[in-house]
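Hello,

Here is the structure I promised to pass on to you. Have a look at it first, and then read my notes below.

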Amino acid sequence: MSELKPVDARLITTRVVENKPNHNVIYSAATAPDGKIYFGLSAEFDSPGVFGQIICYDPELDCFEDVVDYAEIVKQPPDSLRHPHSKIHTAICIDDQGKVYAATHMTAPPVGEDYYHYWHAYNDPLRSFQGSRLVMYDPATRAVEDLGVIAPKCGCRWLGHNPADQELYMTTFLTGHFIVVKLKTGEVKDLGRISQYDFMGPCYSAAGFVYTTDCHGFMLRYSPRDESIVKLPLALPNAPWRSDDGNGLFHLVPGPDKLKLYGVAAAAQRVFEFDPTVGKYGGIRDYGTLGGEDRPDEYLTDVIFPRTITVGHDHKIYVGTKNYVSGVPGSTIVAIDIESGEKTYHGLMRVEGFSQVNTPVASCTGKDGSIYFTAEQPSKESALQIIIFNPSGIRKPLPAYTEKYRNKDVNATAYANHDFSYYLPDREKNSCYVAKGNFMAQELGDRGRVPLIPRNQCAVDALLSSSDGQVVFGATSGEKSHFFFYLPFTKRLIPLNALSATPAACRAMVSDKDGIVYMGTSGLGRGEFDGRLYCYDAPANRNQFSALNDVDRGEFSLASSLPSEDFRRIADLGVVAPGEGIVAMCYAPERHCIHGVTSGGNFFTYDLASGEKSLKRIFAEFIVKPHNIPRAIIQRDGLVYFSGRHGQIIVHDPQAEDFRVTTMKIPAGQGREYLNHATCFANAPDGFIYGGTGADGLLFRIDPQAEKIFNLGRPGIEHQILSLTIGNDGTVWGLSGGPDQLSHLFRFKPDAHEFEDMGMMRSRVPHIWVVHRATTMTTGADGELFIGESDAISHLMTYFPPVVHG
């Protein structure tokens, strides 16, 4: 591609959006059935407190009209600490009757602040974003209907519309959840996490499905009929030497036949066609890169990114580009013929006398075949433009009012220069992620060799490290519950068997003195569930674990064989309490038995020698209320500890066969005892028991000898302590979070009585992955921490704490 000149002046014009001094980018563009164009006025991070607006352009009358102002809908107090609804980001959809649907996003900071903080404020009840807000504008009546928040705390960067079923779809910014809005009933469904990123515009095809991708570029197919999301064995085009991490969708739009879809593979910077009618899963045609050719081992300064696309009436894909690699300003308009794949480079997106466009962000096709491109404002002094390109020629002259914007800051290349150094992260400040030590994310299987535990079956809620540290055992919760093991030495994770073929959770796992592993299951909700006790004879399979470690000797390993039936065998020890699940267990070596607590707040004992079960119905006397049912139980020096009514510590003496209410009470906010229960316990080598609470997220320490309890405080702003483990150096490590919060890692150093909220957990090995929720952890032989992610897509995370010198 030779050096480009501006687009032929006969094919391009501009319109200027006036009297919007606080809006500096137009992130959405959509064409209505009557030919009018709707645009989403948005504000970036240098416009504190500004709310998004929707305007309508009438090509016939050549004029703009304001139609929606989110500030008037949300009515957020001027002193609010929350991010405003500052954007409508590629999130305007119009139905066949002309009704306009729009969902909000955020970037502009709150009033009085000068920087955006998404992750940092997510867990903060005062500062977190309200959540993407959906409105409907009816041009026939000019009425605006507020349909409410459809994604709490999250923004919407892509909104898709299904006219056949009258549904809207979005993937949430920050959490990557797939949201379905059923317009007929008003129901909003969160179908859970589908990816690390939200670079995936859900798009409906007339074939009857909705398509998007995960963050590795695999196509995901949503069926409105059964609400299933299926990962297809089909990936977006990419050069073989490029990583697939982050190669998800960046725009996906329907073509002229409404069947085929056209999109951009983000990391690969390639335009493609997806035809869902080809074969069993559909077929992808790669149109390649724009500008130069993709090649290894070079910065591709001549490859231009397809920043926004729309399909014209002439069966061509029209692309607005940006060169992110070279940083050279100036966007181009490129046309790709759908049939032949031929590319036409029309030139720079610039109208004579006006600032050139550097970052086009949205586009649509008008009824007359004109292509509308919207963009970021090049500078505060330049015009906020809408570029209109028509390959057949522009018929209307520039309106007279635009003359006052001619030759204003025409060479602008950057909107604003700000010094954000105060907020830049390092090891000691500003990072919302753990900045000390390193994480590794392990899939629950080995893609292509060992089948992965499927989505919605893979929430890791129980972990146990073998006494010799050679094996980590885990169990999942979801539509099925699976049992797996992980070998830290060779980094192999192998799912062994299913504990339950129906929806179930496994949150309780212990081992006995011989290393035999026991698991207890419970229900996913509050209904009745027959929790079962299972057993896996790990010692009998010790040689199998060693043999798997020995495979990794630098030799070829072409395939992984199916584990034998004996290796996979799990014994079902039966139901311990009919209608109740098992929520917590501990092993008592003195009596060689397992003690546990049920979801009904009752206490059971399983004698490992005889196989006898006994159930003590203690709820009415010692627990009393469902909120006080403990989620943890621990054994120390022959006694069993758990929490009961008002958070008081109950001690069970197996020898005396009695239960005693102690004077110890786990800490809670004043008057919040009725909500409190112990969520986790850990035995420390210093003789203390450490525990966490469910009402207020407080860490406490029990002195079993003196029967005293100490409130150690709260590690952060999270509502609950979710799990604890003791490091090899005596450090108490924990996970904090809540049902609507992102999990944090924290540590407590007993000798120094020092808390540290380490932050959110993010791995960059072997790919980028941010953990949103984790509920269990255990310590490995070398002091590493194994952390179970509990989500629709989950990993076994390994955290390597920083080495302390001196």
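**What I found**

Let's start with Ser 382, which counts as buried because its relative accessible area is 4%, under the 20% cut-off. Please keep in mind that this is a predicted model. Ser 382 lies in the loop that links strand S28 (371-375) to strand S29 (385-389). Its side chain comes to 2.9 Å from the backbone nitrogen of Ser 379.

Next, find the open sheet made of four antiparallel strands, in the order S2-S3-S4-S5. S2 and strand S3 (residues 37-42) run antiparallel and are joined by six bridges; Ala 30 has Tyr 38 in S3 as its bridge partner.

Tyr 38 turns up again in the largest nonpolar core, which has 45 residues. Tyr 38, Tyr 70, Ile 92 and Leu 159 have the most contacts inside that core. Leaving out residues up to four places away in sequence, Tyr 70 touches several others, including Phe 51, His 85, Ile 88 and Val 135. There is also a second, separate core of 23 residues, with Leu 496, Cys 506, Ala 538 and Leu 548 among them. In soluble globular proteins, nonpolar side chains tend to be buried together.

Enjoy exploring!

Conventions: Residues are numbered from 1 along each chain as its sequence is written. This is a predicted model: local features need pLDDT of at least 70, side-chain atom pairs count only at pLDDT 80 or more; totals for chains, interfaces and linings use all residues. Side-chain values use heavy atoms; hydrogens and water are left out. Helices (H or I, at least four residues) and strands (E, at least two) are DSSP runs, numbered from the N terminus. Buried means under 20% relative accessible area, exposed over 50%, partly exposed in between (1.4 Å probe, protein chains only). A polar contact is a pair of N or O atoms within 3.5 Å; within protein, one must be able to donate a hydrogen and the other to accept it, and residues adjacent in sequence count only if both atoms are side-chain atoms. Two strands pair if DSSP finds at least two bridges between them. A nonpolar core is a set of buried Ala, Val, Leu, Ile, Met, Phe, Trp, Tyr and Cys residues joined through side-chain atoms within 4.5 Å. Contact means heavy atoms within 4.5 Å.
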